[in-house]
Amino acid sequence: MKISIAQQNYHIGNFEANTAKIISAIKEAKAAGADLVMFSEMSICGYPARDFVEFSDFINKCYEAVDLIREHADTIGVLIGSPARNSIQKGKDLFNAAFFLYEKEIKAEIHKTLLPTYDVFDEYRYFEPAYEWNIVSFKGKKLAITICEDIWNMGDNPLYRICPMDKLMEQFPDLMLNISASPFDYTHDEDRKSVIKANVQKYKIPMFYCNAVGSQTEIVFDGASLVFDKDANLCAALPMFEEAMVTVHLNDDGSIQAPILEPASRVPDKELNPATLEPELNIAQVYDALIMGIRDYFSKMGFSKAILGSSGGIDSAVTLAIACDALGAENVRAILMPSPYSTDHSINDAVELSKNLLNPYDIIRIDEVFSAFTQTLEPVFNGLPFSLAEENIQSRTRGNLLMAIANKFGYILLNTSNKSELATGYGTLYGDMAGGLGVLGDCYKLQVYALAKYINRKKEIIPENIISKAPSAELRPNQKDSDSLPDYSLLDQVLYQYIEKRMGPGEIKAMGYDGTLVDRTLKMVNNNEYKRNQFCPIIRISPKAFGVGRRMPIVGKYLN
């Protein structure tokens, strides 16, 4: 049997474009002589559609798209993902489903069993879990079809009480097909391989795994679809972060007519779970994920041009370089806004960066605007000494100027704040926290430096002075980040233990971190939840990002 995997980038709710893309791939699979072509989870409507699925009209359009596609499933089997209505009155109204199409008919409807509600997932809000499990017979083969999470209930501490493949194995399938929308994080490539390997080794039959690719606001899907033979050897792997298609010949004995890319002995046996933050871990993947996050956000929203504040600091420099790569340098405008406390070298560094990248830039000094604010407020401030208020006036002035230019010319403002700053509240609401998309909001400061090093891997794009100088907001004379925050080499490690590893203060202190540092850091994180609650969407690259995957109370007392 020849099976094609179509790894595609869908647009949520864009039924016309998604359907056309699927039909085009069916034609390509036919031309390649495939017996069956498979697409990713929720390929009809895009994933995650969230509350769109609560609209009957949305579900109707899903069914209409399925009807259009099945007309092309004549001589070839087609496996697609879509919401499906639940005909039983009890339970949720919908299933997360896979439709198996052949001979222009819906031959089978398969329902997802395991509905994740952790991190970015909220599937039990919308869907009813499967209550029956049946293989699909097709051209002399018995297909065990599962959907994403259905293959992840492995290991010593299973999350669910049931394992769909255990049920399907009672009917002696010949191979496993899994359609997924499995999001990227910098550990997930290894995680995915280890889970598929564990399934193949347990059930002794090959697996064809089709994953979604593309970014949906904050969630990035990396593709990386895989084929494993019955002996758990990796025999085909589609690229990360791009659309692709492959046709693989499966032999009757469960072997694959293709060279082995990774023998089972070299495929990871367990999920990647770093004990501490490793800033350079899979940094090339992180870079590509951020590129896709920006590119898809702009293209799917109908935007083309970006603007950002360029300060001569590491965060804005890395954001600018990534944005130029994603959108084209000519479409990214940098605005330099020196204040009375900006150093000449920072201005020069920012100018040099834009010259290296060939992006347009402007220099707009804010001295007079800042002075006007302070003079206007003098009767109220009444001679009180310079404080955070004056620092924030500068930041908000910059935010206002950036938004004014964005509104005038139709730009989208990219935010440059990093995860360390967002965690500790080291940012100004409606100032440097303004923006339509957070590019680095899931990258700790140490990871930002790793990205800068990666960007400069072939030649110097980001000036070395930006990388080597001590980070500073430059909102008062001789200011350094270290005046307000612990050293990033310590801070980021403590933040990682608290945010990614969900460690409490006692556990972190037991690892050897200074108690005062731990208490201070965790208090800053919790006290600034209200700021993050007002922040823009953040491109997710880690196992635990701020945003939809981390839900904390704003007024909670814990650790405050």
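**Note on the predicted model and lysine 141**

1. The side chains of lysine 141 and aspartate 252 are joined by a polar contact of 2.9 Å. A polar contact is a pair of N or O atoms within 3.5 Å; within protein, one must be able to donate a hydrogen and the other to accept it, and residues adjacent in sequence count only if both atoms are side-chain atoms.

2. This is a predicted model, in which local features need pLDDT of at least 70 and side-chain atom pairs count only at pLDDT 80 or more, while totals for chains, interfaces and linings use all residues. Residues are numbered from 1 along each chain as its sequence is written, and side-chain values use heavy atoms, with hydrogens and water left out.

3. Lysine 141 lies in strand S7, residues 141-147. Strands are DSSP runs of E with at least two residues, and helices are runs of H or I with at least four, numbered from the N terminus. The chain has 16 helices and 19 strands.

4. Lysine 141 counts as buried because its relative accessibility is 10%; buried means under 20% relative accessible area (1.4 Å probe, protein chains only). Of the 560 residues of the chain, 58% are buried.

5. Leaving aside residues up to four places away in sequence, lysine 141 touches Met1, Val136, Asp174, Leu175, Asn251 and Asp252. Contact means heavy atoms within 4.5 Å. Among contacts in the chain with a separation of 6 or more, 75% come from residues 24 or more positions apart.

6. Along the principal axes, the C-alpha atoms of the chain fill a box of roughly 85 × 55 × 50 Å.

Conventions
Buried < 20%, exposed > 50% of the residue type's maximum accessible area, 1.4 Å probe, protein only.
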